[in-house]
Number of protein chains: 2
Amino acid sequence: MGRNNSKIIELAKGFNNFYFKHLQTPPATTPGYTRLTIPQGNSTPHVVIGLLTPQILENLSPWQPHFILRNKNLEFTPKNPEKRTEIFHEILLDWKEKGLFHLDKTWRGENFEIKPGSHYTSDSTPPLFTLDRSATPLFGLRQFGVHVNGFVRKPSGLSLWLQKRSGNREMWPGFFDNLVGGGLSTKNTIITTATKESSEEASIPSDYLMENLKPAGAVSFFYESNYGLFPNTEFVFDLELSEDFEPSNNDGEVEGFVLVTVEEAMEIVKSSKFKTTSCPVILDFLVRHGFINSFNEPQLPQLLPLLHMPLDMFYTSNHGNY
Amino acid sequence: MGRNNSKIIELAKGFNNFYFKHLQTPPATTPGYTRLTIPQGNSTPHVVIGLLTPQILENLSPWQPHFILRNKNLEFTPKNPEKRTEIFHEILLDWKEKGLFHLDKTWRGENFEIKPGSHYTSDSTPPLFTLDRSATPLFGLRQFGVHVNGFVRKPSGLSLWLQKRSGNREMWPGFFDNLVGGGLSTKNTIITTATKESSEEASIPSDYLMENLKPAGAVSFFYESNYGLFPNTEFVFDLELSEDFEPSNNDGEVEGFVLVTVEEAMEIVKSSKFKTTSCPVILDFLVRHGFINSFNEPQLPQLLPLLHMPLDMFYTSNHGNY
């Protein structure tokens with residue numbers, strides 16, 4: 001309990017001591033949802049890894065020997081990562097064949113590692129198991145990714161490079177998006193993902209990237225759609241580009257790129273033509289750079305917590321235990 | 001319910017739709033604390049304005065005709081702002097004379113306006129009542145302020161101007177603090193407060209300020225100390241200063257100023273010599289400018305929600321109603 005926290009986290013818990021004293025754990029009282037946990041032996045609290053809707057719970061029943069429903073938790077009992085990965089793979093292939101939960105369309109062939117508690121982005125922590133990225137929303141598993149805000153400083157002001165997603169994509173076809181974005185997957189660290197996606201999605205030279213990419217925090221939010229739950233965290237980077245650079249796409253997932261003024265970007269975001277789950281990143285950019293401020297957005301104090309949701313509340317086995 | 005929200009807030013609620021579906025209202029189940037509310041007529045929910053400890057509740061009993069305890073809420077019944085202000089003034093003078101709750105030492109002679117719900121920083125919304133700023137923590141009333149991060153870009157890297165608070169101050173004597181900080185009080189808007197405090201605390205010329213002050217968001221946190229509860233929101237500004245400018249103090253509340261490197265600032269913050277309730281502002285600065293990042297702080301996704309706490313959860317009369 002807090003033993004592995006950095007000094008900075010302990011400090012931040014300190015100036016929120018009242019909050020922690022009274023922090024609730026919503027899933028315990030979230031009607032209709034079941035927590036997916038991995039038992040850790042008798043004396044250790046279970047690791048909470050996901051949230052399940054009644055439909056998902058029902059469709060897991062054929063694999064019941066591996067799952068035990070107890071105290072609103074569905075305990076996933078296999079003891080080792082290989083066995084867990086094998087069972088999830090079997091479940092997902094079965095559902096995909098039956099055309100359940102859009103899996104036939106969303107399947108990515110991209111492995112995603114599930115890690116315990118606050119170690120999900122630690123390279124040295126072994127994964128609890130691995131599954132296809134497309135399945136993470138079905139089990140309410142936390143997802144982590146990287147987004148890059150590409151911008152140009154012109155004499156007339158700041159402009160943003162936006163991506164227009166290909167109309168052929170299953171998820172958010174034809175929607176606007178940030179310049180570059182991608183999920184963390186097996187063996188790819190945050191910086192590797194940022195470099196790889198910037199090269200594949202927007203043809204940004206990696207030497208330019210390494211020199212100019214600026215870390216600028218992270219956003220977290222909790223979205224639900226027909227495709228499942230999205231308790232997502234995106235690591236955010238800013239990238240200043242020169243006026244003569246023009247991004248181009250290499251992987252067929254992008255229709256094109258547009259350079260827009262901050263005002264135009266704001267209108268696109270408000271028009272619902274921007275991918276909903278990428279909005280937190282661009283809104284955070286606009287706040288950090290002073291374009292959304294207390295003068296033009298009186299609800300600024302409400303907006304910021306919505307870009308930085310305390311998702312750990314949903315994934316702790318007891319109150320505020322991190 | 002949401003009728004007065006801006007498009008941006010509605011969007012941000014949209015990508016947190018799961019969170020809102022299951023948002024709890026902690027005060028309803030916070031043992032030992034009583035919510036302070038102002039009734040709004042039969043069909044309208046009460047406005048929740050504060051949280052009271054058992055000691056405060058007990059000491060309010062002589063004024064019982066004006067307060068009704070019902071359903072874990074203490075309803076403050078007077079119908080008009082003048083009457084409410086008058087009663088609170090009477091209570092506070094009485095407590096101050098009796099030496100209760102440190103009021104003899106913390107009294108500021110600075111009026112603070114209490115406004116309903118999300119209108120607390122709106123100039124056009126009339127206050128529910130007014131009281132001395134020193135009393136806001138006693139009743140768990142939300143406080144709003146302005147902080148300015150002053151920094152200098154040197155060839156060797158970025159440096160920060162920190163304030164060292166006077167050893168004579170009642171609150172946080174001798175602690176380090178951000179360059180400028182001050183609470184919003186009656187008749188002072190966010191920008192007026194930033195200008196006034198920058199001039200009084202650090203002698204920054206107001207024309208330089210108007211040209212160079214950059215809005216950079218806000219932080220929110222919930223701290224408790226012997227002085228009471230601090231559900232605080234600070235509007236954050238960055239101010240780049242030239243290498244030859246040196247801040248100086250005009251109001252006797254500051255011992256001096258030091259220009260430190262980012263690394264030195266980080267050490268001071270970690271050493272607990274930095275005013276606890278000002279830490280969120282400097283940590284937010286260090287994150288936005290990339291000095292605290294996912295590479296040197298693996299718990300970055302935990303840190304950010306602690307700088308942007310959803311305080312509205314504690315001050316809504318029903319679930320997620322804003």
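User: What should I know about the numbering and the model before I read any values?

Analyst: This is a predicted model, in which local features need pLDDT of at least 70 and side-chain atom pairs count only at pLDDT 80 or more, while totals for chains, interfaces and linings use all residues. Residues are numbered from 1 along each chain as its sequence is written, chains are lettered from A and ligands numbered from 1 in the order in which they are written, and side-chain values use heavy atoms, with hydrogens and water left out.

User: How many helices and strands does chain A have, and how compact is chain A?

Analyst: Helices (H or I, at least four residues) and strands (E, at least two) are DSSP runs, numbered from the N terminus; chain A has ten helices and 13 strands. The radius of gyration, taken over C-alpha atoms, is compared with a globule rule of 2.2 Å times the number of residues to the power 0.38. For chain A the radius is 21 Å, close to the 20 Å that the rule gives for 322 residues, so chain A is as compact as a globular protein of that length. Its C-alpha atoms fill a box of roughly 65 × 50 × 35 Å along the principal axes.

User: What percentage of the residues of chain A count as buried?

Analyst: Buried means under 20% relative accessible area, exposed over 50%, and partly exposed in between, with a 1.4 Å probe and protein chains only. By that scale, 57% of the 322 residues of chain A count as buried.

User: Where in chain B do Arg288(B) and Asp238(B) lie, and are they buried or exposed?

Analyst: These two side chains meet in a salt bridge of 2.9 Å, N to O. Arg288(B) lies in helix α9 (residues 279-288) of chain B and Asp238(B) in strand β12 (residues 228-240) of chain B, so the pair ties together parts that are 50 residues apart in sequence. Arg288(B) counts as buried at 9% relative accessibility, and Asp238(B) counts as buried at 7%.

User: Which side chain of opposite charge is nearest to Glu297(A), and what is Glu297(A) in contact with?

Analyst: Glu297(A) lies in the loop between α9 (279-288) and α10 (300-307) of chain A. It is buried yet has no salt bridge, and the nearest side chain of opposite charge, Lys270(A), is 6.8 Å away. Contact means heavy atoms within 4.5 Å; leaving aside neighbours within four places in sequence, Glu297(A) is in contact with Ile292(A), Ser6(B), Ile8(B) and Ile9(B).

User: What is the phi of His102(A), and where does that residue sit?

Analyst: Phi of His102(A) is near 60 degrees, a positive value in a residue other than glycine. His102(A) sits in the loop between α4 (81-97) and α5 (103-106) of chain A.

How values were computed:
Lys, Arg positive; Asp, Glu negative; His and termini not counted. Salt bridge = Lys/Arg side-chain N within 4 Å of Asp/Glu carboxyl O.
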